[in-house]
Protein chains: 2
Amino acid sequence: MNSENRQHLPVGVFDSGIGGLTVAREIMRQMPNEKIVYFGDTARVPYGNKSRETVRKYSEQIVRFLLSQEVKAIVVACNTASAYALPEIEKHCPVPIIGVVEPGAKTAADITKVGRIGVIGTSATVSSGIYTECIRRILPDAQVLGRACPLFVPLVEEGLWEDPVTEEIARRYLQELMDEGIDTLILGCTHYPLIRRTIGKVVGESVQLVNPAYETARELQQLLAREDLLSEEAPALGSAESQYRFFVSDMAEKFRSFANSIIKYGILSAKMIHIEQY
Amino acid sequence: MNSENRQHLPVGVFDSGIGGLTVAREIMRQMPNEKIVYFGDTARVPYGNKSRETVRKYSEQIVRFLLSQEVKAIVVACNTASAYALPEIEKHCPVPIIGVVEPGAKTAADITKVGRIGVIGTSATVSSGIYTECIRRILPDAQVLGRACPLFVPLVEEGLWEDPVTEEIARRYLQELMDEGIDTLILGCTHYPLIRRTIGKVVGESVQLVNPAYETARELQQLLAREDLLSEEAPALGSAESQYRFFVSDMAEKFRSFANSIIKYGILSAKMIHIEQY
């Protein structure tokens, strides 16, 4: 198939669960002509406390599933999978594939003035050192300070987006980074954009927040344009259901209900598949 | 093998992760002669937001693994697995098997004076209605009030056992149960005994807490005695390592470190296995 025939194919997006929906949402906003096939690994969530080997195995299964859905490109909308699995997968992936780490790292390196950048995320993302690595490729002298924030995901999933408890936990997690004088903070977990107001309140105006979901959608657009893969017209099918398709490995109903609180484009269905078979 | 020859065999204990260690700890305290083989499904934790079908499949794999270790009895040290998987598994399990739900339910039914019992746990445990079912078998008129507390597990795992944030969250979760006038509260998740002081502070002295880990160890002792399977002497091997063996499906090192904060008998090693192969 030449690139023109591939333009109408969907973009594959995956995450360990629901967090990657913040990335899917940005793609919907920035590229309303694109179709999306989303996979959330809700049976095996979370990835953030799993080993590199396990995360890689799971990610490879998901990539095989997305390829079976004839996607034209893949977005790894999960920081842990971007850190642990992307470097291996991109070596043999037959379609363009990007993660959320590089776009966020690039933007942070671009906007920091003092060269001190904070990164918050899961234990796996922070201890992988992947953001440091990506930032230093652009800004070799940058100081990158990481902090794992394991309570943020459950707090987001409990709906406590703007709540004194979340603010108190954010204060504890972020105090040390503030004391170190960061001027830029990367929200290095796809759940965190949902509490960016609370995080912003705690760090104040002197610290700029970088939302990798937003930057990744921008980078995807540039990538598709470069490869002549951008869809030039709205999908003929019309309905949101056929433009956006959602698959999960468990608990389809619960996924659908949370997804509908994040994405306002009407998620009409989420289908359960057996991801171990891929 | 006759029962006398089986007395020296270990007891198998499993959980979705580390929570079941509170049950293992009670077995160690109450039956110091027994050997234990513990499996924590750290690759696939948590079970509490997974479907019945998935939890059952995972539990069956684990039972097969434990049987391969020649255990003389099995304790399902996980409320979700006890609720979703035990009824099926006990039909075909070749060794005695007990869960944590029945022992906790029985004690609660015994000690309530007003017949109003609260149950806290994961969404899966609470929505399964399993505690209500077990309590009503003994006390048909009991009112059983459930409340899912999804933040308790991450708060425990962050070490905030006696912290104002945990207290504030406990107050929110428990207020409604208090307003309904419960006099007994079942800690229906194996992590919760670790924050029982904070929970006790919030509910006050008029509410009795039931710790299924403690009750399960007591029931196991009675069961082993009945089946003539109690070990009558301390394991000849002597060292803690050979008396207590720990297996996990991922992140053995992290498991070991958390386990050592709960159990004071010296967990010398935790071995990773591929549970999908069972």
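Which residue stands opposite A:Phe246 in strand 10 of chain A? The residue opposite A:Phe246 is A:Ala270. The model is a predicted one.

**Sheet of chain A**

Strand 10 of chain A runs parallel to strand 9 (residues 244–248) of chain A, and three bridges join them. Both belong to an open sheet of six strands with parallel pairing, in the order 4-3-1-2-9-10. At the edges of this sheet stand strand 4 (97–99) and strand 10 (270–272) of chain A; each has a single partner strand, so one side of each has no neighbour in the sheet. On average, neighbouring strands here are turned by 20° against each other, direction ignored.

**Sheet of chain B**

In chain B, six strands form an open sheet with the order 4-3-1-2-9-10 and parallel pairing. Its edges are strand 4 (97–99) and strand 10 (270–272) of chain B, each with a single partner strand and therefore with one side left without a neighbour in the sheet. Strand 9 (residues 244–248) of chain B pairs with strand 10 of chain B in the parallel sense over three bridges. Within this pair, B:Phe246 has B:Ala270 in strand 10 as its bridge partner.

Helix 3 (residues 52–68) of chain B packs on the sheet, and its direction makes about 150° with that of strand 2 of chain B. The strands that helix 3 of chain B touches are listed here.

| Strand of chain B | Residues |
|---|---|
| Strand 1 | 11–15 |
| Strand 2 | 36–40 |
| Strand 3 | 73–76 |

**A helix pair in chain B**

Two packed helices are described by the angle and the distance between their axes. For helix 2 (residues 21–30) and helix 12 (residues 212–226) of chain B, the axes come within 8 Å and cross at roughly 50°. The two helices are therefore oblique to each other, and their crossing is right-handed. Helix 2 of chain B contributes B:Thr22, B:Val23, B:Glu26, B:Ile27 and B:Gln30 to the contact, while residues including B:Ala213, B:Tyr214, B:Ala217, B:Arg218 and B:Leu220 come from helix 12 of chain B. By type, the residues of this contact are six nonpolar, four polar and two charged.

**Contact between the chains**

Chain A and chain B each bring 15 residues to their contact. On the side of chain A, the largest share, three residues, comes from helix 10 (residues 164–179) of chain A. That side of chain A divides into seven nonpolar, three polar and five charged residues.

Notes. Residues numbered from 1 in each chain as written. Chains lettered and ligands numbered in written order. Predicted model: local features only at pLDDT ≥ 70, side-chain atom pairs only at ≥ 80, totals over all residues. Axes fitted to C-alpha atoms, helices over the stretch in contact; angles between N-to-C directions. Helix = DSSP H or I, 4+ residues; strand = E, 2+ residues; numbered from the N terminus. Parallel < 35°, antiparallel > 145°, perpendicular 65-115°, else oblique. Left-handed = near helix turned anticlockwise from the far one by under 90°. Contact = placed C-beta atoms within 7 Å. Nonpolar A, V, L, I, M, F, W, Y, C, P; charged D, E, K, R; others polar. Pairing = 2+ DSSP bridges.
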